[in-house]
There are 2 protein chains.
Amino acid sequence: MSKSITKRSQDYSKWYNELIVKANLAENSAVRGCMIIKPNGYSIWEKMQAQLDKMFKASGHQNAYFPLFVPKSLFEAEEKNAEGFAKECAIVTHYRLKNDPTQKGKLLVDPESKLEEELIVRPTSEAIIWSTYKNWIQSYRDLPILLNQWSNVVRWEMRTRLFLRTSEFLWQEGHTAHATKQEALIEAQKMNEIYRDFAENYMAVPVIQGTKTDNERFAGAEITYCIEALMQDGKALQAGTSHFLGQNFAKAFGVKFANQKGKLDYVWATSWGVSTRLMGALVMTHGDDKGLVLPPNLAPIQIVIIPIYKTDDQYQDVSNKAIEILNHFKEKKFRIKFDDRRNQKPGFKFNQYELEGVPIRISLGPRDINNNQAEVAYRLTSEKEIVSLDFLYQYVENKLASMQGEMFQKALKFQLENTFEANSMNDFIEILNDKGGFISAHWDGTSESEQAIQNMTKASIRCVPQKRLMEEGKCIYSGKPSNGRVVFARAY
Amino acid sequence: MSKSITKRSQDYSKWYNELIVKANLAENSAVRGCMIIKPNGYSIWEKMQAQLDKMFKASGHQNAYFPLFVPKSLFEAEEKNAEGFAKECAIVTHYRLKNDPTQKGKLLVDPESKLEEELIVRPTSEAIIWSTYKNWIQSYRDLPILLNQWSNVVRWEMRTRLFLRTSEFLWQEGHTAHATKQEALIEAQKMNEIYRDFAENYMAVPVIQGTKTDNERFAGAEITYCIEALMQDGKALQAGTSHFLGQNFAKAFGVKFANQKGKLDYVWATSWGVSTRLMGALVMTHGDDKGLVLPPNLAPIQIVIIPIYKTDDQYQDVSNKAIEILNHFKEKKFRIKFDDRRNQKPGFKFNQYELEGVPIRISLGPRDINNNQAEVAYRLTSEKEIVSLDFLYQYVENKLASMQGEMFQKALKFQLENTFEANSMNDFIEILNDKGGFISAHWDGTSESEQAIQNMTKASIRCVPQKRLMEEGKCIYSGKPSNGRVVFARAY
């Protein structure tokens, strides 16, 4: 582990990049804008996947898999969606390479392998899925369809950042089809609620739930529900969206069903997704100047035991006790590791697991064995405590049980302390430049005012919050009437 | 469920295609050669993934994720590998669409978005991974690297069949790096053994383990270990391969490490993979004229309960008992479903679950309740038995416990009965045309003879078996000396 990382207060952005790389979460690849997710990062993503998948299945969804490629003619069928993604599409035009006659060992795209119709690498799968649903849906008996897919998608990005914005990313995308508008609306709201539950109770990331404005809505959606989180630098991060798509895709692909009265109608749709971006949210919400801090519910390793010894005899004694502790926690289904590498010093290991955010570290030396004790370090607060081995198991279990809630409370406190009301453009700009954060302000409901504020301040409307006090006020930009505040922030 | 499917004896190929579609496992998509894996199929694939992933982790591997795209210059670095895949590559050449000025609502590839260097959609990831390992490996301390990735790959295929050969497929690919040749060899063999274990003990598919000949080896490998299964039509199916790659990729990408004596050497490599092709092997090994037959270890639903009733009162009585049975098995961690759809008749449900291959069906009517009994149908043999409710739990558990072994034994019997020795070209051709199957025959070890036999008969050498009797003989084609038999077959 090489040295420490930049402090958050010095350069938050640099801190983030260094942390991601030094904790071995991810790195940039030889392909522009595409990242490599390293084992440390992927194992956290696997935990996220497993929990989300469980929640999706418990709410009646099944997994399926649709093609990576979308023929251009299908891609362009839903015009708004196509327009929204057209400028960031990787496009397959050929299907064969051939030897370069001028350079041995080099290959050229074979011009004779040009495709009749270009294929778009999916930036999202509404088009390919709704062109399929057309064949699956004839009657109300075929509805609802409640599918999810775990996949990779590609959105060509000019400026990329590990996890937060990459040209290829991993995600899940749910795509559902319903007989009624009401049912589709409920589905989109239900998924928004599942995302909130996951963010708050597993990631320990408090979020604001709400809907996007016209400017910020998903291309092709009628309503976009979102969860918005606040990072430690005062910038917001959109952590998950679920879309009520109305009948837009059904109309674009001609998907009709016969209702119970035999009347034909277009099908109602939703789609919803979260991505590896959540990894960025996790790091930026909880990380500190020593590295990552992982909530126990998602930590691939919850407890690490580090032996301290000089002689082989000492190693033996310490190991025996460590393995006893290891087995106890393994049996109780905790995720625990005994790091018995003999070619690395304890100090090196301490740093490594602090950087990687392991919640609990138990260290055990010969003196500890003699005194029937161990040192327990708590990653969240960096507190260390000497604990009698008689009480160790209960102590560690209690710490882990309370850590999840403590992390959430700490993040919630930060969010609340960094949520402000602004009643004028001056206030608004002062708050933004001073501390950032969520700014609750009146807005006249027009795209023009929203855009003007964004142009002036780089802050956008993150959402019209779900829990919104209806109150009369004046738009901070136009002075026109508003019937409630919306949440602004600069955002990732 | 529409009608029955074609009988295997009538047209095996048609039987396969109909079964895949009618059991809702997969279907063709709007994209040439790419399939849609439907929920029924994907849920089996998830079970396969979960088990394999467990086995990979238990043997010390971790998951990671590498980019979908491979820059052409990296792709061509290992020449044999590049040559092997060059003719089946999807190639991304542009990254933006623009409005078609001549047709409203249509899009064109923006010629200004041409990439400086084309990107290959990965057909396999050795190139992108070894160009990364170069940065990760300096010393023997950085070795071994034992990574696996679950991903999609694309190999442009002209003739495709659901699961067996598709342009895009899902798979896992392991990529390991080692300090010694010996260690890499052991790794490749270990993964071959894990694949055998999985095929035989989870899929109930008996396999022959062996190595590929030069003609059949993975492009860029020095040794390819494989498992070969025999389908009911007498054709072989390659079910998994693991490759000892020597130092080929290390040399192509300049990946050297300092050994313990400080001397620089190239790193040794393996790669190994199984894919959604295994779904085809599962269907073709066990399916019968009624549909799929799933081994309990992989069946998403192991037991289904179907209520039989006329009146609402009867439905209530039957349901109460069914839910009692459901809860019992759920508690014991069996995967069980109570199909209480009221708009479908029992006969329809019986057909559906036979088609979908659910191992055990329990049906329960008012008369059964009165007589304290249930009817249990066993998918493997189609036997039905009336079982007292006093013994039902034990009966079903026993059936499920023995079914896995019975399925394996049945498939093994078929494999052995369809493995033949041929001592002349005439014998060889007669056996092939008569029944197919594995044919064990002498071969002189040359690519020429192998190719000549394949040209004459369409049979290829599936493997040089691991358990091979060394015996002197004469090549059935050339008459030249051979020191042991190899396994031929026509193959998928």
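## A buried lysine and its partner

B:K212 is buried, with a relative accessible area of 5%. In this predicted model, the side chain of B:K212 forms a salt bridge with B:E228, and the closest N and O atoms are 2.6 Å apart. The two residues come from distant parts of the chain, 16 residues apart: B:K212 sits in the loop between β11 (208-211) and β12 (223-230) of chain B, while B:E228 belongs to strand β12. B:E228 has a relative accessibility of 0% and therefore counts as buried, the cut-off being under 20%.

In chain A, A:K212 and A:E228 belong to a network of salt bridges that also takes in A:E216 and A:R462.

## Other salt bridges within chain A

Over all chains, the count of salt bridges comes to 54. One of the pairs is A:K38 with A:E27, whose side chains meet at 3.4 Å, N to O. Is A:K38 buried or exposed? A:K38 is buried, because its relative accessible area is 11% and the cut-off for buried is under 20%. A:E27 is likewise buried, at 15%.

A:R165 and A:E157 form another salt bridge through their side chains, at 3.7 Å, N to O. Here A:R165 counts as partly exposed, with a relative accessibility of 35%, whereas A:E157 is buried, with a relative accessible area of 15%.

## Surroundings of B:H61

B:H61 is found in the loop between α2 (39-58) and β3 (62-63) of chain B. Its relative accessibility is 4%, so B:H61 counts as buried. The side chain of B:H61 has a polar contact with the side chain of B:E187 at 2.7 Å, and another with the side chain of B:S59 at 3.1 Å.

Which residues touch B:H61, once neighbours within four places in sequence are left aside? They are B:F56, B:L146, B:T176, B:E187, B:M191 and B:W272. Of these, B:E187 is also a polar contact partner of B:H61, and B:L146 is a residue of strand β9 of chain B, described next.

## Strand β9 of chain B

Strand β9 (residues 145-154) of chain B is largely enclosed by the rest of the structure, because 10 of its 10 residues are buried. The cover extends to both faces of the strand. On one side the buried residues are B:I145, B:L147, B:Q149, B:S151 and B:V153, and on the other they are B:L146, B:N148, B:W150, B:N152 and B:V154.

β9(B) pairs with β3(B) in the parallel sense, over 2 bridges. In that pairing, B:N63 has B:N148 of β9(B) as its bridge partner. β9(B) also pairs with strand β10 (residues 168-178) of chain B, in the antiparallel sense and over 10 bridges.

## Where chains A and B meet

Contact between the two chains involves 62 residues of chain A and 62 residues of chain B. Between them the chains bury about 5300 Å², with 66% of that area on carbon and sulfur atoms. On the side of chain A, the residues losing the most area to chain B are A:Y65, A:Y95 and A:L97, which together account for 12% of what that side buries.

The polar part of the interface includes 30 residue pairs in polar contact, both residues at pLDDT 80 or more. By class, the side of chain A that touches chain B has 38 nonpolar, 8 polar and 16 charged residues. How many salt bridges are counted between chain A and chain B? The count is 6. The side chains of A:K104 and B:E79 meet in a salt bridge at 3.8 Å, N to O.

Strand pairing also crosses from one chain to the other. Strand β5 (residues 91-94) of chain A and strand β5 (residues 91-94) of chain B run antiparallel and are joined by 3 bridges. Within this pairing, A:I91 stands opposite B:H94 in β5(B).

Technical notes:
Residues are numbered from 1 along each chain as its sequence is written. Chains are lettered from A and ligands numbered from 1 in the order in which they are written. This is a predicted model: local features need pLDDT of at least 70, side-chain atom pairs count only at pLDDT 80 or more; totals for chains, interfaces and linings use all residues. Side-chain values use heavy atoms; hydrogens and water are left out. Helices (H or I, at least four residues) and strands (E, at least two) are DSSP runs, numbered from the N terminus. Buried means under 20% relative accessible area, exposed over 50%, partly exposed in between (1.4 Å probe, protein chains only). A polar contact is a pair of N or O atoms within 3.5 Å; within protein, one must be able to donate a hydrogen and the other to accept it, and residues adjacent in sequence count only if both atoms are side-chain atoms. Contact means heavy atoms within 4.5 Å. Two strands pair if DSSP finds at least two bridges between them. Buried area is the accessible area (1.4 Å probe) that two parts lose on being put together, summed over both. A salt bridge is a side-chain nitrogen of Lys or Arg within 4 Å of a carboxyl oxygen of Asp or Glu. Ala, Val, Leu, Ile, Met, Phe, Trp, Tyr, Cys and Pro count as nonpolar, Asp, Glu, Lys and Arg as charged, and the others, Gly among them, as polar.
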